[in-house]
Amino acid sequence: NLRLETRGRRALEGNLRLLSADLAKLLDDERLGRPRYRGQLSAEINLHGTLDEPRGQSSFWLYDGFFNEVGNFFIHGEGALDSTGWQLTTMKIEKDRQPYLHAAAEYRRSDEALHLAVQGAGIKSDEFLQALADVPHEKFRGRLSFDLKAQGPLTAFLNKEGLPLSGNVTVRDGAVRWFSFDEVTAQAALPASKPARFSRYGMYWPQIHYLKHEAFALTGAGFLPFDTSGEVDIALQGAGNFLAVLPEVASYFKSVQSSDTLRLHLAGPYKKLRVPDSRLAFSADRMHLTKIAPEINELSGELTTDQRGTFVAMKRIQGKIGDATFTLRNEERVPLLPMNPAESLFPRNKRFAPDSLLPVPLRLSDSQIYLGALFVKSSANGLPLNIPGLMQKHETGRFWITGLLDSTTRRGDADEFIISGPWAHPVLSGGLVMENVNFQFPFDESTETDSAALKVLLNLNWNVLARSRRDNRYVIAIPTAVDEVFVSLGLDD
């Protein structure tokens, strides 16, 4: 319903209505065959004034909104326009009938200036990032609050220069992938050599703080894109007890007190993050474990990456378990693993490589990051260990960890135990000299209550030659119709 006069006053009067339009069809944006944006959109625009001086007011509503499978959203907005520009006077968003965020915007034609303001509190950050930029929900979580304002030329917002940004963003009680934190803040109000910026591509923050109470703090700056194809670029550094995150990553670790320094650079798309030119140097007097050994002492080492940010190099890692020592290093390329029948391995050094044990680098799950091949060795007196599933929980035996070939060969890793990929089925290749070990095989699943640890044990590919030094026994309880038969066989020393 619209009336226009092309003569005289050139009056303009009328209204336009949109009723329950399908948002998926309007935007026509799909991912994996499903629309990224869904909902029912209604709108109304009232126009009046003249063709030379038009004025109007608008309202819109979105019901049952889902963005990248996150919902249910309800959005209501009101705006106005005239010859000087336009205003989004208010836009309120609710999720599951609870307040979510509030935004407002204004554009002035006279100076082509854009003003933006947005506030939100208590938002689940993983849902927010997935809805906004289709960031996988397991990457980042926590309670998100923000109060932001930006103003400047519209052209700056539309390109990577961006608008000057003020305000702050806070995420509390969250985690980045496996690593929890108490608070992450990004601030724009503090003096900085490079000001905070906001554009349609993302936000640059000159002040980022990552805090884990009673453990460590990181500070830095960086750019966060609004879509998954954009490039993250964040640089952080700090000091503290960074190894305190280990109990959150694996159940084998109980507690750690360490003194460490970290330089961390995150780069690349959200789904394929890299860590170029990063370095962690650590030193822990004592690390308490839940399995394998009571504790590790005098642990120290260094993890570094080059400009590619995908291979993590392990340097000078060493430690003590009881009165025995061990070292750990890695190489990017996996060496050809020596494979032989146990009875003829040392006399003839005949090699073979079954397809099921072809060496590949260890890659961390589905990430870009990989460790290559790990090389471990211990002092000759053997590490005092309890191997879950192979030994009863209360027992400890000595394990001299070494290589499959003796030290007279020309191979530099001849006396090192090699661990290689794939991640789902790691290949162990090396030698063990055992002393005072009571072991059982196959694995006794009833003794291992940690399902994740049991899964690792059952998925290992073993290319290990075990030799007896002295006082080793094979023990197993065999259930029968009447009772259990306990077998204990001494092994030749």
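**Aromatics, strands and charges**

Mentor: F128 and F146 are both buried, where buried means under 20% relative accessible area, exposed over 50% and partly exposed in between (1.4 Å probe, protein chains only). This is a predicted model, where local features need pLDDT of at least 70, side-chain atom pairs count only at pLDDT 80 or more, and totals for chains, interfaces and linings use all residues. Residues are numbered from 1 along each chain as its sequence is written, and side-chain values use heavy atoms, with hydrogens and water left out.

Trainee: OK. How many aromatic pairs does the structure hold?

Mentor: It holds 14. Rings of Phe, Tyr and Trp (its six-membered ring) pair if their centres lie within 6.5 Å; planes under 30 degrees apart count as stacked, over 60 as edge-to-face and the rest as tilted.

Trainee: Why is the F67 and F73 pair called stacked?

Mentor: The planes of F67 and F73 sit at 15 degrees, with centres 5.3 Å apart, so the pair is stacked. Both residues are buried.

Trainee: And what are the distance and angle for F128 and F146?

Mentor: That pair is tilted, at 5.7 Å centre to centre and 40 degrees between the planes. It links distant parts of the chain: F128 is in helix α2 (residues 125-133) and F146 in strand β11 (residues 140-153), 18 residues apart. Helices (H or I, at least four residues) and strands (E, at least two) are DSSP runs, numbered from the N terminus.

Trainee: Which residues form the aromatic cluster?

Mentor: F140, F181, Y210, F216 and F242 form one cluster.

Trainee: New topic. How many helices and strands are there?

Mentor: The protein has six helices and 33 strands. Of its 493 residues, 42% are buried.

Trainee: Let's take β29. Is it enclosed or open?

Mentor: Largely enclosed by the rest of the structure, because nine of the nine residues of β29 (residues 427-435) are buried. Both faces are covered. One side has V427, S429, G431, V433 and E435; the other has L428, G430, L432 and M434.

Trainee: Which way does β29 run against β31?

Mentor: Parallel, over nine bridges, with β31 spanning residues 461-470. V427 stands opposite N461 there. Two strands pair if DSSP finds at least two bridges between them.

Trainee: And in what sense do β27 and β29 pair?

Mentor: β27 (residues 397-402) pairs with β29 in the antiparallel sense, over five bridges. T402 faces G431 across that pairing.

Trainee: How many bridges join β28 to β29?

Mentor: Three, and the two strands run antiparallel. β28 covers residues 417-420. I419 stands opposite L428. A hairpin connects β28 to β29 through six residues.

Trainee: Charges next. How many salt bridges are there?

Mentor: The count is 23. A salt bridge here is a side-chain nitrogen of Lys or Arg within 4 Å of a carboxyl oxygen of Asp or Glu.

Trainee: Which one ties β29 to β31?

Mentor: E435 and R469, at 3.3 Å, N to O. E435 lies in β29 and R469 in β31, so the pair ties together parts 34 residues apart in sequence. E435 is buried, with a relative accessible area of 15%. R469 counts as partly exposed at 27%.

Trainee: Which residues make up the salt-bridge network?

Mentor: R34, R38 and E69, joined by salt bridges that share partners. The E69 to R38 bridge is 3.4 Å, N to O. E69 is in the loop between β6 (54-67) and β7 (70-82), and R38 is in strand β5 (residues 37-49), 31 residues away. E69 is partly exposed at 36% relative accessibility.

Trainee: What does R36 pair with?

Mentor: D29, with the closest N and O atoms 3.7 Å apart. D29 is partly exposed, at a relative accessible area of 29%.

Trainee: Last one. Which residues form the nonpolar surface patch?

Mentor: L2, L4, L16, I45 and L51, with about 400 Å² of accessible area together. Areas come from the Shrake-Rupley method with a 1.4 Å probe; for residues, only the protein chains shown count as cover. Patches are made of residues with over 30% relative accessible area and no salt bridge; like charges are joined within 9 Å, nonpolar side chains (Val, Leu, Ile, Met, Phe, Trp, Tyr) within 5 Å. L4 lies in strand β1 (residues 2-4), and counts as partly exposed at 48% relative accessibility.
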